[in-house]
Amino acid sequence: MLADLADRQRLRRLIPPQGVDFSSNDYLGLARSPRIARAIRQALDRGVPTGSGGSRLLRGNHPEHELLEEEAARFLGSEAVLFFSSGFAANAALFATLPQRGDLVVHDALVHASAHEGMRLGRAECVAATHNDPTAFENVIRAWRHGGGKGRVWIALESLYSMDGDRAPLDAFRALADEREAFLLIDEAHATGVFGPEGRGLAAHLEGLENVIVLRTCGKALGCEGALLTGPAFMRDFLINRGRGFIFSTAPSPLMASAVREALRILAGEPEHRQALVARIDEAARLLSPLGAVCRGTQILPVIIGDDARAMAAASAIQAAGYDVRGIRPPTVPAGTARLRISVTLNASLDDIAGLAATLEEVLT
């Protein structure tokens with residue numbers, strides 16, 4: 001099996017980070033934030049432990065977890081918040097636990113692998129709908145109802161897609177959820193910290209609605225680790241009582257909860273990070289779009305190559321020139337759409353963006 005992957009230029013390997021960062025999700029450069037480092041040192045001085053020592057239902061529920069969830073609920077405008085160790089764990093637990101047998105999950109065709117893992121573990125019927133097409137979602141729901149479907153409908157999508165950099169029409173999906181008495185599950189992983197008032201994401205205006213649940217990861221623009229599931233109180237209570245991925249997992253480090261609390265304060269009080277990122281996104285679009293980059297006003301700019309081997313060869317050449325751009329192949333993206341995924345972060349300067357553009361032009365011509 002591994003030999004077959006190698007023959008098809010799809011064998012994965014771990015590569016240490018080298019060169020200027022055009023591949024990470026550390027969009028605001030907060031992974032090395034002095035404020036977050038100081039918050040962790042202060043937490044250590046207060047006696048906050050590195051490890052939790054157990055699941056949160058045993059002895060692992062530290063006051064730092066509770067403080068984070070309380071502060072995040074106020075900041076995000078949500079009734080309840082539950083902290084997970086990663087976005088993958090949160091999505092897997094969410095989809096495996098909340099939709100029940102007899103329900104329907106209709107999900108965007110490009111929704112993240114973590115959602116698929118949760119759906120695989122769950123009991124509900126799951127159907128993919130055309131990417132970013134509310135009408136296609138409605139057609140799936142209508143056909144399911146006409147076929148005798150009686151349960152609840154769950155509409156699952158991402159607000160900002162990590163491989164294409166495009167946004168979902170959230171208001172149209174919200175209207176569909178209201179019309180069909182459905183729950184709307186929104187993954188804000190790549191929008192949190194970057195878009196919305198105070199960096200609260202593209203779905204910030206939907207927070208607090210009784211039929212909306214939002215996932216916000218902490219390991220991307222927040223520069224930390226973990227994930228925050230936000231929504232109505234029943235969501236939190238149900239996952240605490242029925243979510244196996246929550247019940248049987250060791251709780252996240254209390255130190256990381258302290259770090260995320262500080263990251264949220266940075267979002268609220270230092271808008272200059274987002275403003276600087278917007279300037280870099282605009283410059284990247286200006287310089288890279290003539291070279292084939294697809295620019296949709298977000299920090300993710302794919303360059304579609306098509307062929308797997310060509311995409312990986314181009315990525316290797318760019319890396320050799322000192323710019324960390326990664327090639328993305330199927331099955332992460334659809335067959336025939338292998339690409340360079342260029343991620344704009346505050347870890348790269350405007351001069352770095354100009355240098356990448358010159359290198360990309362040389363490599364692709």
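In which loop is Pro331 found? Pro331 lies in the loop between β11 (326–328) and β12 (338–343). Strands here are DSSP runs of E with at least two residues, helices are runs of H or I with at least four residues, and both are numbered from the N terminus. The structure is a predicted model, in which local features need pLDDT of at least 70, side-chain atom pairs count only at pLDDT 80 or more, and totals for chains, interfaces and linings use all residues. Residues are numbered from 1 along each chain as its sequence is written, and side-chain values use heavy atoms, with hydrogens and water left out.

Backbone geometry comes next. Most residues other than glycine have a negative phi, and most peptide bonds are trans. The bond from Pro330 to Pro331 is cis, with omega near 10°. Asn132 has a positive phi, near 55°, and is not a glycine. Asn132 sits in the loop between β4 (125–129) and α6 (134–146). Its relative accessible area is 17%, so Asn132 is buried. Buried means under 20% relative accessible area, exposed means over 50%, and partly exposed lies in between (1.4 Å probe, protein chains only). Glu198, also not a glycine, has a positive phi of about 55°. Glu198 belongs to the loop between β6 (183–187) and β7 (212–217). Glu198 is partly exposed, with a relative accessible area of 33%.

The cysteines complete the account. A search of the whole structure finds 0 disulfides, a disulfide being a pair of cysteine sulfur atoms within 2.5 Å. For Cys218, the nearest cysteine sulfur is that of Cys224, 6.8 Å away. Cys218 is buried, at 0% relative accessible area. Cys295 is partly exposed, at 29% relative accessibility.
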